[in-house]
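Welcome, and take a moment to turn the model around before reading on. The paragraphs below will walk you through it step by step.

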Amino acid sequence: MVAARSSGDWAAARAAAQAVAASPLAAHPDEASLYRGVPALAYALHFAEPPAYARTAAELDAETIAVVAARLDAAHRRMDSGRPPRMREYDLISGLTGLGALLLLRERHTALEHILQYLVRLLTEPLTVADRHLPGWWTIDGPGGSPETGTYNGGHANFGIAHGMPGPLALLALAARAGVTVDGQEKAIDEGITFLTAWAQPSSTGSIGWPDTVPLHAFVKGPISGASPRRPSWCYGTPGIGRALQLAALARGNEAARQFAEQVVLGAITDHLQLSQIRDATLCHGWAGLLLTCDRVASDAVSPAIANELPALRARLDAHLVQHDIPKGAGLLTGRAGVLLALHTLNAPQPFPGWETCLVLN
């Protein structure tokens with residue numbers, strides 16, 4: 001759909017939409033999400049040539065809003081009980097943050113405000129787990145999305161923009177920048193800024209970054225220094241988290257936090273040990289996602305330093321594609337479609353804006 005907007009050739013886009021719509025779509029609140037079922041199709045059709053799918057899109061919006069209402073009801077009941085959330089309750093990929101990103105894109109502001117109210121609670125109302133006071137987004141799951149024993153007995157703090165707190169923070173910030181606000185939103189964004197700033201850790205190479213996940217026993221000890229730097233990806237890496245922090249800082253006019261976020265991202269993409277950990281071209285954890293994320297960070301940065309590094313990152317992506325070609329698998333996050341879409345966006349002289357909301361980058 002996005003590529004068709006630029007080229008004017010809608011044949012392939014229409015065929016893809018018809019093929020998807022021909023299959024049963026997940027619409028149950030336990031199954032439907034930004035990346036699955038009715039909401040996923042609603043997101044894709046948003047970029048269709050208007051008014052080709054206007055009636056269908058309106059019907060999908062109504063179904064999505066019903067999914068949101070059911071999920072919010074369950075989430076607030078869970079909060080009222082004092083229990084910690086599952087990851088899929090609030091995350092971008094499967095949870096309410098992702099559904100909120102769709103509603104923001106579709107300008108369904110009343111339903112979006114209900115999600116923002118939930119996210120405010122999530123970021124500002126602490127939990128008690130194993131006699132420890134923990135943030136409200138502390139998940140009882142392990143990193144795989146299910147409760148675990150061993151290291152992750154008691155759950156974990158998730159720092160990834162795809163599955164952790166930075167996703168809700170980025171959505172709160174994007175909504176605020178779009179003029180959609182609820183009571184407590186500024187406080188929630190401020191608390192997110194404070195948390196991410198405090199947990200930015202010096203690595204063994206001298207760069208600064210965030211952990212992927214932190215189990216309970218490590219979380220109560222607080223941030224550490226000297227850890228090995230992580231892969232600089234969109235999904236869990238410093239660039240994605242840094243973009244969330246930068247968006248939050250922009251929403252609140254916090255210049256110190258903004259410049260800090262940009263410094264941290266710059267350190268990640270000039271750290272050869274970090275870059276050497278990228279092994280594929282995908283949006284989720286590969287070169288395409290890194291380049292697209294840094295392009296968005298650079299577009300709002302005070303200094304041109306990150307923009308100056310973009311040609312080198314593009315060269316790394318191009319070299320990888322020469323050696324390994326584009327991924328063969330389907331899908332946006334880990335497949336061919338995401339890489340092609342990122343390349344189209346970065347190459348087009350006037351790309352159609354907005355699709356990156358599903359990554360909470362813009």
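We begin with the whole chain and then visit a few places along it.

First, a word on what you are looking at: this is a predicted model, in which local features need pLDDT of at least 70 and side-chain atom pairs count only at pLDDT 80 or more, while totals for chains, interfaces and linings use all residues. Residues are numbered from 1 along each chain as its sequence is written, and side-chain values use heavy atoms, with hydrogens and water left out.

Let us start with the overall form. The chain contains 16 helices and 6 strands; helices (H or I, at least four residues) and strands (E, at least two) are DSSP runs, numbered from the N terminus. Along the principal axes, its C-alpha atoms fill a box of roughly 55 × 50 × 40 Å. A compact globule of 362 residues would have a radius of gyration near 21 Å, and the 20 Å of this chain agrees with that. Here the radius of gyration is taken over C-alpha atoms, and the globule rule is 2.2 Å times the number of residues to the power 0.38.

What share of the 362 residues is buried? Buried residues make up 54% of them, where buried means under 20% relative accessible area, exposed over 50%, and partly exposed in between (1.4 Å probe, protein chains only). Contacts (heavy atoms within 4.5 Å) tell us about the fold too: among those between residues at least 6 apart in sequence, 68% join residues at least 24 apart.

Now to some individual residues. Threonine 64 sits in helix α4 (residues 54-81), and with a relative accessible area of 1% it is buried. Beyond residues up to four places away in sequence, threonine 64 touches Val38, Pro39, Ala42, Leu99 and Leu102. Ala42 turns up again in the surroundings of arginine 106, which is in contact with Ala42, His46, Ala57 and Asp61 when its neighbours within four places in sequence are left aside. Arginine 106 belongs to helix α6 (residues 96-106) and counts as buried at 15% relative accessibility.

Glycine 226 takes us to the loop between α10 (216-219) and α11 (238-252). Glycine 206 is 20 residues from glycine 226 in sequence, and the two are 8.1 Å apart in space, C-alpha to C-alpha.

Our last stop is the stretch around helix α16. Most residues other than glycine have a negative phi. Aspartate 325, in the loop between α15 (305-324) and α16, has a positive phi near 65°, and its relative accessible area of 40% makes it partly exposed. Helix α16 itself (residues 336-347) has 12 residues and reaches 16 Å from its first C-alpha to its last, close to the 16 Å expected at 1.5 Å a residue; the expected span is 1.5 Å times one less than the number of residues. Among the buried residues of α16 are Gly338, Val339 and Leu341. In the segment after α16 you will find valine 360. Valine 360 also has a positive phi, about 45°, but it is buried, with a relative accessible area of 0%.
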